[in-house]
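Hello,

Here is the structure I promised to pass on. Please have a look, and then read my notes below.

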Amino acid sequence: MRSDSPWRVPDFRTLFSAAVLSHLGTNVGYVAVPLIAVEALDASPGEVGALATLATLAFLLIGLPAGAWVDRLPQRRVLIAADTARGLLFASVPLAWWCDALTLAQLYAVVLLSGCAMVFYDIAGQSILPRFVGRDGLVQANAAMVSLMAVTNVTGRGAGGGLVQLLTAPVAVAGAAVSHLGSAVRLLWLKEDAGDRLSGPPKEGPAVSAAAAAVRAREPLRAQIAAGVRHVLGNRELRALALGAALTNLGSQILNTMMPVLFVRELGLSAGVLGVYWAAGGLGLLLGSRCARAVAARLGFGRTLGLAGLVLAPAGLLVPLIGHGPWLWLAGAGWLLAMFKTGVDNVLGVSLRQRMTPDAMLGRMNATFRFLLTGALAIGAATAGLLGELVGIHPTMWVGGALLATAFLPVFLSPVRSRRDLPGQVGHVSGPPQPAGVKGAGSTSS
């Protein structure tokens, strides 16, 4: 095993094993909660859209200030608190169902509050990672984390569909609650100071780091948020990565929001088939994440991102063809290819943006990205619900497919396409100069 391998870092192994449980819980809930709404509460397409909107609305409401807060707070405690909150919230759903008291309003509250917890979990998890593995281990660590997301998409959504079909959706949600609480317990093994320690030789002495933290604590929250937004939107490469990923999320969320209604109500298919279909996307994500490093080493980071979009993104237009028989297989192949492209984007794009961001701004950079990317999910869910009510499910699916097929253009037309290596690597192609006042490359989508 290489000396810079993240697997040599005990805290990374702890974080990874906790993430296994957390992502499993998220994916089981992803399948089970909307199916409870459709099957047990007879929700309409608009109500299903509202449910999906509320699940991601938190990133629009608190996404930006959460980044500044995460930069100030012990990130280990943030991760533990977030998973504990999600576990307790999900546990309330089967409890209410068994008491014959479950309502759509409770589901709305659960997904909104668990979304708030997810904001802090996602931002803290991405911000703490470079401090565990160092800058040189980022690509390998991100590949491992994206692969994990893909595997849990396959197993979690497949298991979620199977649990719903065999044991009912509320029992599946109870399983999601147990997974999140198990993750919170596992995170207790992280060292208390893990978020404040860099892997390898520190670039700043303890006194300098403490002084910088004290200055950040005195700086107004609004100014800290604005600095993070300027860092992302003022840099041509980061701006292109954010826009491309946001369009991908917008299109995929429109498609995903309508899937439970389309499968169960329109096509008369089982929850298990829906879980398998979503699992095919997870398989594509896994394959893309595993291939990303090898292809980038051969073609270069930018060319890999550009070509993956040009060749694979149009497969999104196959997804709206979903139907019975061979059309289900064709649409599934399109979904797998589109998610393969997303897996490549996640590994290379996240590594690039982490390498282009100073340590002190990682939380705010990640918060800005999460605000834009998950905000796109909220907008996509609301759009799907509205269009589903006004024009029907199938035209809505075509809107999502078209967005997914064209989302590669911002990166393809940007300086990212000319970048050979990550910032700080020998022989990298830097592209056009960064705008004045923007902090550029330092030693950086699902």
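In these notes, buried means under 20% relative accessible area, exposed means over 50%, and partly exposed is in between (1.4 Å probe, protein chains only). This is a predicted model, in which local features need pLDDT of at least 70 and side-chain atom pairs count only at pLDDT 80 or more, while totals for chains, interfaces and linings use all residues. Residues are numbered from 1 along each chain as its sequence is written, and side-chain values use heavy atoms, with hydrogens and water left out.

Two loop residues first. D42 sits in the loop between α1 (10-40) and α2 (45-72); helices here are DSSP runs (H or I, at least four residues), numbered from the N terminus. Phi of D42 is near 55°, a positive value in a residue other than glycine. D42 is exposed, at 61% relative accessible area. D100, in the loop between α3 (75-98) and α4 (104-133), is not a glycine either, yet has a positive phi of about 60°. D100 is exposed too, with 73% relative accessibility. Most residues other than glycine have a negative phi.

Now the interior. A nonpolar core is a set of buried Ala, Val, Leu, Ile, Met, Phe, Trp, Tyr and Cys residues joined through side-chain atoms within 4.5 Å. The largest one has 50 residues, and L107, M259, Y277, I322, W335 and M397 have the most contacts inside it. Its largest share, eight residues, comes from α1. Another core, of 32 residues, lies apart from it and includes A58, I80, V119 and A144.

Best wishes
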